[in-house]
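Hi there,

Here is the structure I promised to pass on to you. Have a look at it first, and then read my notes below.

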Amino acid sequence: MAVEAGTNVTLIGMPGSGKSTIGVVLAKRINLQFVDTDLIIQTSQQRTLQQIMDTDGFDRFCQIEEDAVLSLSVDHHVIATGGSVCYGAEGMAHLQKLGKIVFLKTSLKTLEQRLSNMATRGIALKPGQSLEQLLHERNTLYEKYAEITIECDGLNVEQICELIEAAL
């Protein structure tokens, strides 16, 4: 199937920003299908994200993630990505060709409240890297690639979806 430019909405942001949850609700609201690249990775690798991180390490995880993104050939989808997708320039360029990129921006305080399971969540952290360091590093990349940025702190899923719809 040929990919029609601009028919997808890709959600990027930190782990815990709500990409998967918001993606499902947004897809229903705007009549699109939904795909989650984390699930593509887990299915293709037959392991959890955390198992991939633990056995293969950060760099290999990022390559597996970028390969999964590059394999996407969809239209009329909301695409929820993994938080580390921003490290793959080729993958991000592919997502830009597929449609609009929306950055779900969340504060460190909000992420700390949501991410009680850091050690088992499959978050691509470099050795010794704190959540705060990761947030600052990735926010620069998310902002570089995003066409739309949604400030998510203090908003529920429906409110965030409304803002995304209005921005589209």
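Please keep in mind that this is a predicted model. The residues that line the largest cavity are Cys-62, Glu-65, Glu-66, Ser-84, Val-85, Gly-88 and Gly-91. Sorted by class, this lining has three polar, two charged and two nonpolar residues. Helix α4, which runs over residues 58-70, gives the largest share of the lining, with three residues. The space in this cavity comes to about 30 Å³, and the structure holds one cavity of 30 Å³ or more.

Now to the aromatic rings. A pair of such rings is described by how far apart the centres are and by the angle of the planes. There are two aromatic pairs in the structure. In one of them, Phe-58 and Tyr-87 have ring centres 5.5 Å apart and planes at 75°; an angle over 60 counts as edge-to-face, so this pair is edge-to-face. Phe-58 lies in helix α4 and Tyr-87 in the loop between β3 (77-80) and α5 (89-98), so the pair ties together parts that are 29 residues apart in sequence. Phe-58 is buried, with a relative accessible area of 15%, while Tyr-87 counts as partly exposed at 25%.

The other pair is Phe-103 with Tyr-142: the ring centres are 5.0 Å apart and the planes are at 40°, so this pair is tilted. Here strand β4 (residues 99-105) holds Phe-103 and helix α7 (residues 131-145) holds Tyr-142, so parts 39 residues apart in sequence are tied together. Are these two residues, Phe-103 and Tyr-142, buried or exposed? Both are buried.

Enjoy exploring!

Key:
Residues numbered from 1 in each chain as written. Predicted model: local features only at pLDDT ≥ 70, side-chain atom pairs only at ≥ 80, totals over all residues. Heavy atoms only, no water. 1 Å grid on protein atoms, 1.4 Å probe; cavity = no way out; pocket = protein on both sides within 12 Å on 5 of 7 lines; lining within 4 Å. Points joined across faces, edges and corners; volume = space filled by probe spheres on them. Helix = DSSP H or I, 4+ residues; strand = E, 2+ residues; numbered from the N terminus. Nonpolar A, V, L, I, M, F, W, Y, C, P; charged D, E, K, R; others polar. Phe/Tyr/Trp six-rings, centres within 6.5 Å; stacked < 30°, edge-to-face > 60°. Buried < 20%, exposed > 50% of the residue type's maximum accessible area, 1.4 Å probe, protein only.
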